[in-house]
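Please keep the sequence and the model in view while reading.

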Amino acid sequence: MLLNEVEQPGLGERDQVSRSYWAISFHRLLRKKIGVACLSIIVVMYGAGILAPVVTPYDYNDQNLSIAKQGPSITHPFGTDRLGRDQMTRIIYGLRTTVIITIVTLVTGSLAIGITMGLLAGYFGKYIDTLIMRVGEVTSAFPEIFLVLIIISTVKAPVTKWVREIEDVVNFDIVSLGVVDYLVLSMALTIFSWFGMARLVRGQVLQVRENQYVEAARSIGATTPRILFRHVLPNVMGPVIVTVSAGLAAVAGSEILLSFLGIGIQPPTPSLGLMIFENGSISVLRSNPHLLLFPVLTLSVLLFTFNLLGDAVNDAFNPRAR
Amino acid sequence: MGTYIAKRLLWLPIILLIVSFITFALGRFGPGDPVEVLMGQYADEKVVERIREQRGFNDPIFIQYGRYLSNVVRGDFGESFKYRGRTVSELLKKKMWVSAQLNFAALFLSVSIGIPLGLFAALRQGTFWDTGTVAMTLLGQSIPVFLTAPVVLLVFALKLDILPTHGWGGFFDTRIILPAVVMGVPGIAIITRLTRASTLEVIGQDYIRTARAKGLSEFVVQRRHVLRNAMIPVITMLGFSLAGIAFTSFIVERFFGIPGIGNLFIESIFSRDFPIINAVIIIGTTMFVIANLLVDMLYPWLDPRIRLGGEYAS
């Protein structure tokens, strides 16, 4: 039996082994009650956000001044805002904004740019390493929130103009979808979010690179991209997952802060930060507290589950924490 | 150690050059011509052109930038576009002093509550007190300022009506209490958690047992042996939390109507008041870099085993 297993170390078996690492980690996550609870809450919130037009009973811009500022009721579970728009609908659309920003920023920033830069820096070393790490260190030495604010506020107008020109060609209204806001915001956040991931991957690669299987792959003539993505990357994915799940809350928080300050998402596109800003005054709290409390509670639940999930994922996926 | 600090200090001007050039260039190429901002929409074109010439906006950008830099080095950040006739330095000094007081109050709260609380929980590991503290900190860390600010306002100002909600009266005014508490909550939570974790690690060390074995009083053991060694990660966090404080002060200043630097910065962005924006960014970056450097310099003092500059500094 044992001999049989040893004698067939085919490619299929290695795949099985690498898959079983994921299976083990994921299984470990599912065994934790907190992990499951967080995952389900996030799936529900993200699902609602993505399917916003289907799930919501109203449109986020349906105004009806005769029912403005009503408290929670059966037809409007979270009440209505000062223009008579359904709060729940607007919150779900606000979640859609959060979903888009977190996914786009993490995929482009941390996953695409961060991992690639980290792999390059760690695997090639020398001047490529120095260049990437120095650039990253300089970006991480900035107080990022100031620069994100200023980049967004200056870059948005030219980008909008540029998109309008495209609109003339394709004859389709892109700007009113809020795409420009999403794009500019994600870009600005990406500039400052890639380096943490790059540094992590670089450190991991420095360890993994010295392993014999990398040397073996090189000796049979595997190309560098193949070695990087097929042999090195799968072995550094654990910490990567942990970092991504820990970064979710930060990215979501940044978007909400920027929109709160009036620089991120622009009305009429709904955003939780924007709703909090519109209603974030003492007079609203005194007369219609539900206008402020529902968006704020949604946001708190979201950030709280992100943080808990980050911890749970860390316990499950981090090889050192076992 | 000396060369390490020198190296780090040499990075400061380079970083400042890059940051200031980026903001300067964004200001010149971004939307909103500075002179049009200055003169308003219906200005006479000839006048606009004359002012452009006078102020040197027609020169190449590198010359403008060089001129700006040489002024900044002499401490002159120029004149605000929006508040005409007032220098940026004069405006900033007042606002920064307000923000600095508020931030100091918040930092003071987080350190003076967080460290004892963390120590308290760690020394009672596994008991009800410990679990309770950990649960509270988890909550405090995850609840955004967006929630605490309105809830605190609602409870203390509107329902109980015991504390004022709006405005600013200096460090020794009751109006500082609510914003400082709101800003301090995440800090308290983070510092408590960190202190607890690192204390637990230190408590298990041999030198603590040795200290107890040689008959030192519990107070001396806890203060000199446990706390001092447990402070290292906490101090690192303090450096990082400076950025977090900048982050929350934007929100808190808005909610509580405090005339601080956060509000000024946002206002300047909306009115394209680039002299102010540039100045805030340059000063902010300098403070950020120096704070991180100070944190680095504290390590060897806390733990003589740490030697700076030996390894890749990250």
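## Confidence in chain A

In chain A of this predicted model, confidence is lowest in helix α1 (residues 2–7), at a mean pLDDT of 44, and highest in helix α9 (residues 212–219), at 85; pLDDT is the predictor's confidence in each residue, from 0 to 100, and helices are DSSP runs (H or I, at least four residues) numbered from the N terminus. The mean pLDDT of chain A is 77, with 88% of its residues reaching 70 or more. Over residues 1–17 of chain A pLDDT stays under 50, and the model has five contacts (heavy atoms within 4.5 Å) beyond four places in sequence for this stretch.

Local features need pLDDT of at least 70 and side-chain atom pairs count only at pLDDT 80 or more, while totals for chains, interfaces and linings use all residues. Residues are numbered from 1 along each chain as its sequence is written, chains are lettered from A in the order in which they are written, and side-chain values use heavy atoms, without hydrogens and water.

## Tyr68(B)

Tyr68(B), in helix α4 (residues 61–73) of chain B, counts as buried at 12% relative accessibility, the term meaning under 20% relative accessible area (1.4 Å probe, protein chains only). Apart from neighbours within four places in sequence, its contacts include Phe24(B), Phe77(B) and Pro275(B).

Technical notes: Helix = DSSP H or I, 4+ residues; strand = E, 2+ residues; numbered from the N terminus. Buried < 20%, exposed > 50% of the residue type's maximum accessible area, 1.4 Å probe, protein only.
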